[in-house]
Amino acid sequence: MLFRSNSIQFFAPGLLMMNALFQAGFAGFGLIEKLESGFLERLRVTPIDRLALVLGLVLVSTITVLVQSVFLILASLPFGLAISAPGALLLFVLLVLVAVTMGSVSYALALIVKDPGILAGVTNFFILPVLLLSGIMLPVGFGPRVLQWLAAANPLYYASDAARALIEGRFGDPAIAVAFVAFAVLAAGTLLCFIRTTREAVA
């Protein structure tokens with residue numbers, strides 16, 4: 001895609017991905033606050049289903065991402081954002097997969113470290129490189145070859161390209177299939193990890 005510094009078509013889909021990355025990626029801080037208030041201890045003596053707890057937490061962070069994404073799209077329309085309706089619907093599905101992945105990782109880490117300072121350090125250590133190698137803010141093609149190689153191993157790089165293709169209705173873009181497959185696998189894997197971590201923590 002030809003980059004234009006004033007192109008809302010380039011920046012708006014990237015902002016949607018960045019919002020999902022940070023909003024869901026920092027969801028674990030809310031869980032740490034609950035843990036510090038004795039939430040975990042109370043759970044140990046209740047009959048609440050652990051799977052329902054996990055799905056509830058992930059659902060909250062995912063819905064938050066979707067609602068914010070709707071507002072971001074609406075706010076971009078007056079600036080000239082052109083949207084393909086079917087593409088936008090598929091984009092929301094992709095955002096769900098990204099939010100589930102990041103939320104599950106964040107919640108699982110929160111249960112493991114139980115400290116907001118440590119969680120902040122670990123989260124930023126991983127999220128910032130992933131963000132910079134995603135092409136959300138600037139096209140990766142502008143960088144040196146080594147960064148392009150690293151970006152090719154970053155699932156969010158394909159998700160960002162897929163978001164732009166879906167917004168514009170370019171359904172034949174190969175980044176779409178790569179992004180959906182990658183994040184479907186990641187969402188399932190990280191969710192299972194979060195379920196296991198929760199059952200161990202609340203055993």
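User: Is S104 buried or exposed?
Analyst: S104 is buried in this predicted model. Its relative accessible area is 0%, and the cut-off for buried is under 20%, so S104 counts as buried.

User: Which helix is S104 in?
Analyst: S104 is found in helix α5.

User: What does S104 touch, not counting residues up to four places away in sequence?
Analyst: S104 touches V58, T190, L191 and F194.

User: What lies 2.7 Å from a polar atom of the S104 side chain?
Analyst: The backbone oxygen of V100.

User: New topic. How many residues are in the largest nonpolar core?
Analyst: That core has 52 residues. M17, L91, L156 and F194 have the most contacts inside it. Several helices supply at least two residues each, among them α1 (8–25), α4 (50–76) and α9 (174–201).

User: Which helix gives the largest share of this core?
Analyst: Helix α5, with 12 residues.

User: And L91, what is in contact with it, leaving aside neighbours within four places in sequence?
Analyst: L91 is in contact with L16, M17, A163, L166 and I167.

User: Switching to T123. Where is it found?
Analyst: T123 is found in helix α6, residues 116–132.

User: Buried or exposed?
Analyst: T123 counts as buried, because its relative accessibility is 6%.

User: Which backbone oxygen lies 2.7 Å from a polar atom of its side chain?
Analyst: For T123, that is the backbone oxygen of L119.

User: What else is T123 in contact with, leaving aside neighbours within four places in sequence?
Analyst: T123 is in contact with G25 and F26.

Conventions. Residues are numbered from 1 along each chain as its sequence is written. This is a predicted model: local features need pLDDT of at least 70, side-chain atom pairs count only at pLDDT 80 or more; totals for chains, interfaces and linings use all residues. Side-chain values use heavy atoms; hydrogens and water are left out. Helices (H or I, at least four residues) and strands (E, at least two) are DSSP runs, numbered from the N terminus. Buried means under 20% relative accessible area, exposed over 50%, partly exposed in between (1.4 Å probe, protein chains only). A polar contact is a pair of N or O atoms within 3.5 Å; within protein, one must be able to donate a hydrogen and the other to accept it, and residues adjacent in sequence count only if both atoms are side-chain atoms. Contact means heavy atoms within 4.5 Å. A nonpolar core is a set of buried Ala, Val, Leu, Ile, Met, Phe, Trp, Tyr and Cys residues joined through side-chain atoms within 4.5 Å.
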